[in-house]
Amino acid sequence: MKLQDSITTLKGIGPKKAEAFARLGIETLEDLVYTFPRLYEDRRNVVPIAELREGENAVFTGTVDVIKPGGYSRRGGRVLKMLISDDTGSVEVVFFNAYYLSKTIHMGDRLTFFGKPQDNRGRLQVAHPEFSRESDVQTGILSIYPLTKGISQREMRKLQQTIRPLYAEAESILSSETEKRNNLCDIGYAIENVHFPADGTKLREAKYRLVFDEFMVLQTGLQTAKADGGSFAEGARFDNPGAEQEYIDSLPYSLTGAQERCVREIAADLESGRRMNRLVQGDVGSGKTAVAEIAMFKAAKCGYQSVMMAPTEILAHQHFEGFKAGLAKHGISVGFLSGSMKAAEKRDVLSSLADGSIHVLVGTHAVIQPEVEFSRLGLVITDEQHRFGVNQRILLKEKGENPNILVMTATPIPRTLAVVIYGDMDVSVIDEMPPGRLPVYTRCADDGRDRMKVYDFAERQIWQGKQVYVVTPLIDESEAMDARSAQEVYEELSKRFDRVALIHGAMKQNEKDEIMAQFSEGLIDILVATVVIEVGINVPNATVMIIENAERFGLAQLHQLRGRVGRGSSQSYCFLVQGSDSELAKKRGEIMEKSNDGFYIAEEDMKIRGPGEIFGTRQHGLPDMKLADMVRHIDVLNTARDEAKAVLADDPGLVRPENIKLKNRVKKLFGDDFSLNL
Ligand code: ADP
Ligand code: MG
């Protein structure tokens, strides 16, 4: 048995099984060694069913009282429901798309489950628990592995037992110096104890080592990806101190103190000749766009092009219109680029970019396509950056020679995390709202009589010439969720109101643009929308935001949505129509009623959901980590960052023998399309 052997050399793994394993990315025994448990089942402490708590992982044992099909799930799979009881009570267990289990599980079976009970209309339900027959139940700390159809937990544990002798052969990717400096346990010991933890302390040591390894690879990758720039690189220099003032003076309002400070910081960066790498954080409505415009104006006055990338077409288009209105009168030409444009239009834009006749480009991620070439790109701006991957940002940066970088976000990101996601950026905070803004009056409403009153209220606002957004979580009706759909709400409102329109993500771009333009011009009173309007949309005359099934949105998302109103000087209102009266829904509603402060709301959101759920890897496009969690393991992350820095300072290309393994691992993690200086 060797690490490089194919898993098909193991007894019981034929071509069919091998296929299932391939889905998990497992082909060799080594892959299996590095398939770590997601969780551990503490079988030393089984919970009576009556003591199961919503949201808390638990092990429980019981008898299958009822087992029956429960209709079809939304994706068409058959649902299997079971009622599991012990002496203290019973709980419902459901499996979606796993009807095949009904062949192996029967009434009267005694099973042990591990899962997280959730509230389902007032009753506890455990969906997709890990489970096993009681006869197999092992004591102690049991590993729970990621699985796929065709591989059982039991099988995975048995295989790990089989290859256990190989653990000791795993080679460290870190030099012994790094291991020593950071007090890391031996890699073989770590792997042994992460699969078969002898006790809690050994498990912690083991995880620390493995998490450290992962962060080390991540950090080495990020630091080498940035190595062409970093904070000390030379950047496009805008040698025109004070040129931005002309533009500032032409704005219809005067900047807030926070905006002024932010502009000063940006201008200083741009004039310095050192590449700017700056993050602007500001709550929704704080006026980030104006700051970006000022920077682009300054770039143009110095003969440089700018590009701004926005996360949705609607938003990109809105910026385009806004920039044209602001910049064109200063002789600055603005172009727009999106994936859905006609080929001929696109060609025109591309050639004007290449010959420099477009000074400012706004677009979706179409702007990072390879065919987009600039003549002299000096400033790269991304709006609502958390929606873009790190990789996309790097691609954009590569379109110019050391362009200055400005990232704008309304998401308050903890400083430590910002460093990981964005690199060593300077941060400007816009912590002040434009004058005259009234906090949005926010109230929760129930689905019944309150809802009527909410729409009566909206009608009175319309009589006063104001406009209304209604946001729903889904496009069309679905049997699986009883959320109110956009289509349904639209039809209902059309009976009562005249000028109602519907907008959602599945519509064609020109249709969406048309409707947004009409709404902007006040030709539509009520805009029924899905979350397509979540980010950035700016129609100051809209004063009412009604969110249907508010319980289905995250707090940060609710705050973003609410930020679509309260953009002018009139009092604005936000109504959260709650489709659930659970404690959690109530609590979230209270937070929204109480505060208009995005930073406070994000903090509360983190308390409720846990930081990992909010800043999960998937949301910022970094490579996937196996064990490491950037929020929970932030201390390890920081240590690994320093270590990566030290190793790279010593051996920038990682060419020394003791660093080769690290280098290979970095390349493997980041893949080919991530350009690394390695
Ligand atoms: P966000 O930070 O959410 O991107 P925007 O840049 O869209 O905010 O600005 C929100 C609104 O506030 C816009 O209508 C903009 O014109 C207006 N605005 C921006 N700065 C000021 C200011 N200093 N005084 C008054 N209104 C402002
Ligand atoms: Mg914005």
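## Exercises: getting to know the chain

His-195 is buried, with a relative accessible area of 1%; buried means under 20% relative accessible area, exposed over 50%, and partly exposed in between (1.4 Å probe, protein chains only). This is a predicted model, in which local features need pLDDT of at least 70 and side-chain atom pairs count only at pLDDT 80 or more, while totals for chains, interfaces and linings use all residues; side-chain values use heavy atoms, leaving out hydrogens and water. Residues are numbered from 1 along each chain as its sequence is written, while chains are lettered from A and ligands numbered from 1 in the order in which they are written.

**Exercise 1. Find the surroundings of His-195.**

Step 1: Start with the element. His-195 lies in helix H5; helices (H or I, at least four residues) and strands (E, at least two) are DSSP runs, numbered from the N terminus.

Step 2: Follow the side chain. It reaches the backbone oxygen of Val-33 at 2.8 Å. A polar contact is a pair of N or O atoms within 3.5 Å; within protein, one must be able to donate a hydrogen and the other to accept it, and residues adjacent in sequence count only if both atoms are side-chain atoms.

Step 3: List the neighbours. Not counting residues up to four places away in sequence, His-195 touches residues including Phe-36, Pro-37, Tyr-145 and Gln-160; contact means heavy atoms within 4.5 Å.

**Exercise 2. Work out which residues of helix H3 are buried and where they sit.**

Step 1: Pick out the buried residues. In H3 (residues 153–163) they are Gln-153, Met-156, Arg-157, Leu-159, Gln-160 and Ile-163.

Step 2: Look down the axis. The buried residues fall within an arc of 160°, so they line one face of H3; the arc is that of the directions from the helix axis to the C-beta atoms.

Step 3: Turn to the other side of H3, where Arg-154 and Lys-158 are exposed.

Step 4: See what the buried residues pack against. Among the partners are helix H1 (15–23), strand E1 (39–42) and helix H5 (187–195).

**Exercise 3. Locate Met-433 and its contacts.**

Step 1: Met-433 lies in the loop between strand E16 (426–430) and strand E17 (441–446). The residue is partly exposed, with a relative accessible area of 33%.

Step 2: Look along the chain. The C-alpha atoms of Met-433 and Gly-257 are 9.4 Å apart, although 176 residues separate them in sequence.

Step 3: Name the contacts. Beyond its neighbours within four places in sequence, Met-433 is in contact with Thr-256, Asp-283, Val-284, Gly-285 and Ser-286.

**Exercise 4. Step back to the whole chain.**

Step 1: Count the elements: there are 22 helices and 22 strands.

Step 2: Check burial: 54% of the 678 residues are buried.

Step 3: Consider the reach of contacts. Of those between residues at least 6 apart in sequence, 72% join residues at least 24 apart.
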